[in-house]
Amino acid sequence: MDYGIKEDWDCGHPIAYRGEEPLANVDYPRYFAKIEELRHIYGGRIAIKAGLEFGMQMHTIPQYRALVEKYPLDFIILSVHQVEDQEFWTQDFQRNRSQQEYNERYYGEMFDLVKSCKDYSVLGHMDLIVRYDEKGVYPFEKIEEVVSEILKTVIADGKGIELNTSYRRYGLKDTTPSMDILKRYWQLGGEISCFGFV
Ligand SMILES: [Zn+2]
């Protein structure tokens with residue numbers, strides 16, 4: 001889900017499309033009905049959990065908070081997919097900024113989010129911005145301080161991070177997040193990590 005970019009299906013007006021893709025969030029009633037159906041069929045054999053990935057921004061926190069209160073979720077990935085409603089994959093976010101500016105703004109937003117929002121399980125693909133960085137990999141030394149502060153907050157809150165395996169598909173040289181970030185997480189005492197695929 002990506003509030004600020006996408007809308008809910010019940011928003012009251014027609015959903016816009018980007019090519020074939022509806023700019024809509026998960027259809028929550030359908031999703032939870034399906035989870036219930038699968039629990040009914042397989043519940044005796046496997047535990048089926050309900051989880052969502054939130055593409056969060058500071059100004060969309062209230063929309064996520066309302067969602068968390070409305071629906072029972074077992075697992076939430078907090079991700080930063082866009083900042084100021086500008087997407088990374090389209091370069092809208094990076095276009096009028098220097099590499100230093102967009103990296104600082106990206107990690108700054110992430111730091112504000114983990115300080116402000118505790119409704120999540122793991123922090124997703126922490127250096128996602130690398131995937132869409134046409135200027136190459138921004139040195140770890142330059143983000144080390146803010147990344148460390150983000151990780152300390154995540155650990156102190158009893159949350160985890162996600163190792164996103166998509167770096168192989170995208171042909172990146174490093175993991176997502178990078179080995180530097182993973183090492184720092186473990187050095188700081190982080191213990192909770194999970195694998196993600198998209
Ligand atoms: Zn994501």
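**Note on a predicted model with a zinc site**

1. At 21% relative accessibility, Glu53 counts as partly exposed.

2. Glu53 belongs to the zinc site. The protein donors of the ion are Glu53 (OE), His81 (NE2) and His125 (NE2). These donors lie 2.1 Å from the zinc ion. Water is not among the atoms, so the site may look incomplete.

3. How are the donor residues spaced in sequence? The pattern is E-x27-H-x43-H. Glu53 and His125 link distant parts of the chain, 72 residues apart. Glu53 sits in strand S3 (residues 51–55). His125 sits in the loop between strand S7 (122–123) and helix H4 (140–156).

4. Is His125 buried or exposed? His125 counts as buried, because its relative accessibility is 2%.

5. On the overall fold, the protein chain has 6 helices and 9 strands. Its radius of gyration is 17 Å, close to the 16 Å that the globule rule gives for 198 residues, so the chain is as compact as a globular protein of that length. The C-alpha trace spans about 50 × 40 × 30 Å along its principal axes.

6. Packing comes next. Of the 198 residues, 46% count as buried. Take the contacts in the chain with a separation of 6 or more: residues 24 or more positions apart account for 67% of them.

7. The accessible surface of the protein chain comes to about 10,800 Å². Carbon and sulfur atoms hold 52% of that surface. As for charge, there are 24 positive and 33 negative side chains. The centres of the two sets lie 4 Å apart.

8. Where is the cis peptide bond? It joins Thr176 and Pro177, with omega at about 0°. Pro177 lies in the loop between helix H5 (166–169) and helix H6 (179–187). A reader checking backbone geometry may start with Thr176 and Pro177.

9. Backbone angles at Glu84 and Asp85 deserve a look. Phi of Glu84 is near 55°, a positive value in a residue other than glycine. Phi of Asp85 is near 60°, also positive in a residue other than glycine. Glu84 is in the loop between strand S5 (82–83) and strand S6 (86–87). Asp85 is placed in the loop between S5 and S6 too.

10. How exposed are these loop residues? Glu84 counts as partly exposed, because its relative accessibility is 39%. Asp85 is partly exposed as well, with a relative accessible area of 33%.

11. Asp92 lies in the loop between S6 and helix H3 (99–116). It is partly exposed, with a relative accessible area of 37%. Which residues does Asp92 touch, not counting those up to four places away in sequence? They are Gln86 and Glu87. Asp92 and Gln82 are 10 residues apart in sequence. Their C-alpha atoms are 9.2 Å apart in space.

12. To sum up, the zinc donors are Glu53, His81 and His125. Backbone features to inspect include the cis bond between Thr176 and Pro177, and the positive phi values of Glu84 and Asp85.

Note on methods
Residues are numbered from 1 along each chain as its sequence is written. This is a predicted model: local features need pLDDT of at least 70, side-chain atom pairs count only at pLDDT 80 or more; totals for chains, interfaces and linings use all residues. Side-chain values use heavy atoms; hydrogens and water are left out. Donors are N, O and S atoms within 2.8 Å of the metal (3.2 Å for Na, K and Ca); water is not among the atoms, so sites may look incomplete. Helices (H or I, at least four residues) and strands (E, at least two) are DSSP runs, numbered from the N terminus. Buried means under 20% relative accessible area, exposed over 50%, partly exposed in between (1.4 Å probe, protein chains only). The radius of gyration is taken over C-alpha atoms; the globule rule is 2.2 Å times the number of residues to the power 0.38. Contact means heavy atoms within 4.5 Å. Accessible areas come from the Shrake-Rupley method with a 1.4 Å probe; for residues, only the protein chains shown count as cover. Lys and Arg count as positive and Asp and Glu as negative; His and the chain ends are not counted. The place of a charge is taken as NZ of Lys, CZ of Arg, CG of Asp or CD of Glu.
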